[in-house]
Amino acid sequence: MKRTVRAISIACSIALSLSLFTACGNKSNSGSASATSGTDKQTQAKNVSLRFAWWGGDTRHKATLDAIDAYTKLNPNVKIDGEYMAYDGYEKKLMTQFAAGSAPDILQFYPSWFYDVDSSNFVDFNKYSSVVDLKQFSKSVLDEATFKGKLQGLSGGVLSTTVLYNKDFFKKFGIPENTVWNWDNVIQIGKEVHQKDSNAYLTTGDLDVINRLWAYPYLSQQTGDIWIKDDYTMAFDKPVLVDTLKYIQQLYTSGTMEPLGTTTAFIGKMEQNPKWVKGEIGMVVGLTSSLTTMVAANPNAQWGVAQIPLRSDAKQSANPVRSSVLISANAKSENVDESVKFINWFMNDKSAALIVTDQRGTPASEASRKVLVDNNKINPLVAQAMEISNKNPGKIPNAPSENAEIWQINKDVITELAYGKTTPEQGADKIISKYTDKLKELKAAAAK
Amino acid sequence: MNIKTSTKSKFNREYWGLLFILPWLIGFLVLQAYPLIASLIYSFTDYNPAKHVSFVGLQNYITMFTKDERVFQSLKVTIIYAAIAVPAKLIFALFIAMVLNMKLKFINFFRTVYYLPSIFGGSVAVAIVWRLLFMQDGLVNSMLSFLHLPRVDWLGDPKVALYTISILLVWQFGSSMVLFLAGLKQIPAELYEACKVDGGGRITAFFNITLPMLTPIIFFNLVMQSIGALQDFTASFVITNGGPMYATYLFGLKIYDDGFGLMKMGYASAMSWVLFIIIIVLTAVIFKTSDSWVYYEDGGGK
């Protein structure tokens with residue numbers, strides 16, 4: 001008797017706890033359902049609530065929130081919640097949300113991440129060409145956002161890599177502003193700067209920056225290729241890699257680059273580095289999309305931009321002009337039509353362009369760019385940097401070249417180099433041996 | 001007839017009891033039992049939540065111990081971290097508890113203030129403050145140079161960073177302290193009087209009365225804090241991101257990186273289970289040794 005009672009009780013409690021699940025499930029549905037219910041037959045537009053996730057710095061956050069405000073004033077039935085953060089950790093959060101089925105309706109994305117998420121999660125904008133004005137975008141920009149034949153995002157803007165320098169710092173240390181940087185004079189001048197003032201460094205960079213914006217172009221200018229080929233083999237051989245690692249090592253031993261240990265607190269937010277704010281750093285190699293944030297961190301200084309270091313016999317500049325971010329729509333959202341409508345406004349509308357300006361790089365949409373140029377709204381530094389890069393754009397890296405695990409192998413070796421725990425020779429051996437396994441694994445995973 | 005009603009009322013009572021514990025039961029089933037079982041199952045798969053899942057047998061466990069060099073590094077770091085931080089925290093908590101056990105003015109105010117760090121402790125905001133305090137140009141180094149002491153690279157030096165992070169854990173001593181304080185209040189005053197009569201000083205009293213009487217609480221704190229320290233994540237995630245050179249790469253962060261960074265949820269689940277087993281073994285060892293050093297006034301139920 002006792003046993004049956006217990007069995008019944010357990011069954012009851014399980015049933016109850018299950019009903020809790022369904023209650024939760026219903027609730028999340030009914031939340032949006034109640035927002036939309038009852039209005040279908042009426043003439044007024046139905047109320048919808050959308051979530052828009054992006055990463056960026058403060059200036060981008062503000063501009064995007066202002067744009068959302070403007071849109072919701074024009075469309076009072078639409079409510080948009082911004083979910084914004086710094087770059088560090090954004091991808092992890094988003095991937096988890098995809099896995100949990102709670103991804104935002106509208107999201108800022110990055111082309112190489114398409115490999116990590118099932119395509120069924122993304123709206124194919126080709127199917128919405130009546131709502132979204134795709135003619136505003138160039139073919140190369142659309143191609144970059146096309147994955148397995150689906151146009152899974154629209155370019156939020158184009159960017160390139162540039163040198164951003166502090167004019168006051170250059171004056172103080174007697175560095176001519178018209179210096180044409182090649183890799184050697186960076187070290188030569190960097191050494192002099194640090195000898196003159198032990199608190200000052202010519203440049204700084206977190207691990208991501210060293211890997212992506214120093215090691216990558218240094219090597220790729222010699223090979224004329226990207227990092228990993230489409231067939232998952234290395235696009236370089238050992239001597240070039242050793243030479244690259246030697247150069248990275250020199251950046252630290254010569255005192256050109258701020259020691260890695262002090263930059264670890266500012267990964268993905270270099271503008272918060274107190275040395276940068278105090279003007280004790282002369283220049284950074286950075287993306288044009290981060291220029292305004294970097295400049296805003298020290299508004300009293302004068303700023304200039306220059307071509308990234310380029311060797312005289314470079315086979316390519318290794319400075320691609322590419323989409324900074326994509327704006328994608330979640331295909332599993334209940335309000336896809338409203339999401340797409342907003343994205344079209346956000347990308348192509350003149351009033352939107354004037355609010356968002358070049359916060360995600362120079363707009364890729366022809367209409368938006370024209371408005372900004374006409375109104376002098378493009379940050380002159382950004383415009384100048386893009387002009388320099390457009391003269392000699394580099395090859396656009398494929399997804400394997402930007403794979404997180406491949407990058408992690410590089411970053412581990414770079415860290416060991418910066419701390420003097422390994423030699424360029426050993427580091428190169430380590431990278432090559434680890435790539436061999438990892439590339440095999442990635443190739444197998446991609447084939448799945 | 002009589003029998004029937006009694007079974008009925010018995011049924012009712014049992015049913016009502018279950019109803020009362022239902023909030024806990026649901027929480028346990030949904031938030032603990034289900035994830036526990038699910039993660040065990042996932043640990044035998046290559047589960048990638050954004051894409052696919054297939055059964056791989058023991059492959060995750062084999063990879064962990066044969067291919068992934070970071071596993072041993074982060075296990076080592078985690079154990080050192082617990083070995084530094086837990087004893088330091090308990091000693092510090094006991095010290096503060098003894099100070100707060102004295103008869104001072106405004107003692108309740110002080111007790112509250114000293115408990116505050118534990119309320120903030122685990123949060124990201126405090127970890128960020130920690131980063132700002134200990135960074136190269138941070139407050140701690142400014143104070144050191146003001147005193148003409150050499151600056152220390154608290155977060156950038158692989159030999160130092162783990163200690164810097166451990167201090168954060170020690171600083172969150174509040175909950176252990178409250179337990180110690182309660183324990184101190186329980187010690188009968190006549191024991192101290194007897195000690196005084198026999199000519200024992202304060203140090204004798206501490207080692208022969210206070211410590212032995214507190215052993216059950218030391219035991220409890222040791223177990224709880226060790227478990228907490230082995231599972232710690234926030235400090236290394238927010239302050240150093242596991243760096244420099246994986247010197248602060250706690251196992252919790254390793255699991256997070258593989259699970260959420262590389263989306264290898266199956267592999268991360270397998271690592272969670274290894275950590276779980278380590279914690280169980282360690283706890284069992286502490287329990288086993290407790291027979292020889294923990295003193296229960298009532299004989300400990302024996």
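A salt bridge is a side-chain nitrogen of Lys or Arg within 4 Å of a carboxyl oxygen of Asp or Glu. I started with A:Glu405, A:Lys438, A:Glu441 and B:Lys264, which are linked in a network of salt bridges.

**Ground rules.** I am working on a predicted model, so local features need pLDDT of at least 70, side-chain atom pairs count only at pLDDT 80 or more, and totals for chains, interfaces and linings use all residues. Residues are numbered from 1 along each chain as its sequence is written, chains are lettered from A and ligands numbered from 1 in the order in which they are written, and side-chain values use heavy atoms, with hydrogens and water left out.

**Salt bridges.** I searched the whole structure and found 27 salt bridges over all chains. Side chains of opposite charge can pair when their charged atoms come close.

I looked up A:Lys92 next. Its partner is B:Asp257, with the closest N and O atoms 3.2 Å apart. This pair crosses between chains, from helix 3 (residues 90-100) of chain A to helix 12 (residues 251-261) of chain B. Helices (H or I, at least four residues) and strands (E, at least two) are DSSP runs, numbered from the N terminus. I then checked exposure: buried means under 20% relative accessible area, exposed over 50%, partly exposed in between (1.4 Å probe, protein chains only). A:Lys92 is partly exposed at 21%, whereas B:Asp257 is buried at 17%.

A:Lys139 is exposed at 63%. A:Asp143 is partly exposed at 42%.

Which residue meets A:Glu144 in a salt bridge? I found A:Arg322, at 3.9 Å from N to O. A:Arg322 lies in strand 11 (residues 322-329) of chain A and A:Glu144 in helix 4 of chain A, so the pair ties together parts 178 residues apart in sequence. Both residues are buried.

**Helix 8 of chain B.** I traced residues 174-186: 13 residues, reaching 19 Å from first C-alpha to last, close to the 18 Å expected at 1.5 Å a residue. The expected span is 1.5 Å times one less than the number of residues. Its buried residues include B:Met177, B:Phe180 and B:Leu181.

**Helix 4 of chain B.** I looked up B:Phe120, which is found in this helix. B:Phe120 is partly exposed, with a relative accessible area of 44%.
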